[in-house]
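Here's a quick briefing to read alongside the structure. Have a look at it first, then walk through the notes below.

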Amino acid sequence: MPSIMTKKILKRALLVSFAIVFWLAAWEIAARTLDVDFIFPTVLQTTKTFFRLLGTSVFWKSLAHSLFRVLLGFIIGLAAGSLLAPLAFRFVLCRALISPIMSVIKATPVASFIMVLWCFVGSSPVPIVIGALMVAPLIYHNLYDAIQARDTDLSEVCAVYEVRGYRKFRYLYLPKLLEFLIPATVSGMGLCWKASIAAEIIAYTKNSIGRQIYISKAFLEGAELFAYTIAVILMSLIFERLMHFLGELVKKKCHL
Amino acid sequence: MPLIIKNLKKSFGEKVIFDDFSYTFDNNGIYILVGDSGRGKTTLLRMIAGLDNDYTGEIITDQVAYVFQEYRLFPVLNAIDNIAKILWIQPTDEQIRSAASLLSTLGFSKTDMQLYPNALSGGMKQRVSLCRALLADKKILLLDEPFKELDSTLREQLRTILAEEAKKRLILLSAHSLDALGDLDRTVIEIK
């Protein structure tokens, strides 16, 4: 007799499988109906091309460089947001200076940033800067909210028992920061992949997945375009899951 | 004299809580603040602890330890660490043993000491909070409704501990009524 838990997992797996099969079937039918494989290839064509690309050095070189840029952008954004949020919370002048910039960055179309940055820094660093620009406001706003949402009751306990410095950070602030930061890093990672690849496409960055997508589009290689896109989606999903896993691990370790 | 209150005035909006209230706590011992809800017992404790500075008048005080009404334990620390890691930067074995010994006196098993606040009952949380205050070794001990969640056995234990502690420090506690205090030697301060 399968347990209730096993039944739940099986049910969920069945539902997910059904959804995947359904949408793949819809894609296949749409592709066959439209019959324009240089723009909209079938599932089979895309799969074949994807596996063919896995055997090429261009694919892996592009993927490695894109991965490096995305992660670097993410780390810079994470560091900038984490540094600026406490500063803005602590000093009114910092808040007055930083908050509007963060809001402007959040609202500005990513393409505008790419075009401006391209002129100033050249094509290679653009995806890194764009990734950082996408992640920083997200982390900044979440951390700022986390500091604001700190437990004031426990803050008073810290005052009475003179809990300061690292201990105050570890027991009072860190739990709240992680509570807000973990979901922000998961969505930030997804956002970083999307924005960085977009920057690579527009800036035509050397050794990048974005550049390969651009070339595929230019030469009407629909299957290749789709295959590279799938590679980006998979990488984004893997890293989002990784961030989620790391977050859960930290939460468990910190008894959250 | 560890605690002097001079001409204290405190109000919340239009509502006056203290109007020129003065009191000198001459000696160590147990002092009980008695009064109806909303009369300012907790407010007075908070002002003495330096957590509420929005008043006129003067409070001359020494270092305090405070048992809050809502226990206020850190959710990321287990029972024993809520004492040891909060009171001491790097707790020594002896300090940890003293915390464990006091918790044990108050009915905690070794397993209970490892429990996190979300697994502790209200009474257990209160006892952890009380141990933390007692071991803080301050000259003034403030307790906000300390008998609230305790059964009769634990109340008796607390009375014994307070009687012993009152020999070496000033204990100021708030209570709705004097019933829970039994025959504790105390000075009653009525807040009207």
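**Sheet, domains and cores**

In chain B, three strands make an open, antiparallel sheet ordered S2-S1-S4; strands are DSSP E runs of at least two residues, numbered from the N terminus, and two strands pair if DSSP finds at least two bridges between them. Keep in mind that this is a predicted model, where local features need pLDDT of at least 70, side-chain atom pairs count only at pLDDT 80 or more, and totals for chains, interfaces and linings use all residues. Residues are numbered from 1 along each chain as its sequence is written, with chains lettered from A and ligands numbered from 1 in the order written.

**The sheet in chain B**
- S2 (15–25) and S4 (56–61) of chain B sit at the edges with a single partner strand each, so one side of each has no neighbour in the sheet.
- Strand S1 (residues 3–12) of chain B is joined to S2(B) by eight bridges, and the two run antiparallel.
- B:Ile5 has B:Tyr23 in S2(B) as its bridge partner.

**Domains of chain A**
- Chain A splits into domain 1 (1–35) and domain 2 (39–253), with bounds from an automatic or database domain assignment.
- Their C-alpha centres are 29 Å apart.

**Nonpolar cores**
- The largest nonpolar core has 56 residues, and B:Tyr66, B:Ile83, B:Cys131 and B:Leu142 touch the most other members.
- A core here is a set of buried Ala, Val, Leu, Ile, Met, Phe, Trp, Tyr and Cys residues joined through C-beta atoms within 7 Å, buried meaning 20 or more other C-beta atoms within 10 Å of a residue's own, with C-beta atoms placed from the backbone.
- A second, separate core of 50 residues includes A:Val135 and A:Leu177.

How values were computed:
Helix = DSSP H or I, 4+ residues; strand = E, 2+ residues; numbered from the N terminus. Buried ≥ 20, exposed ≤ 12 C-beta atoms within 10 Å, placed from the backbone.
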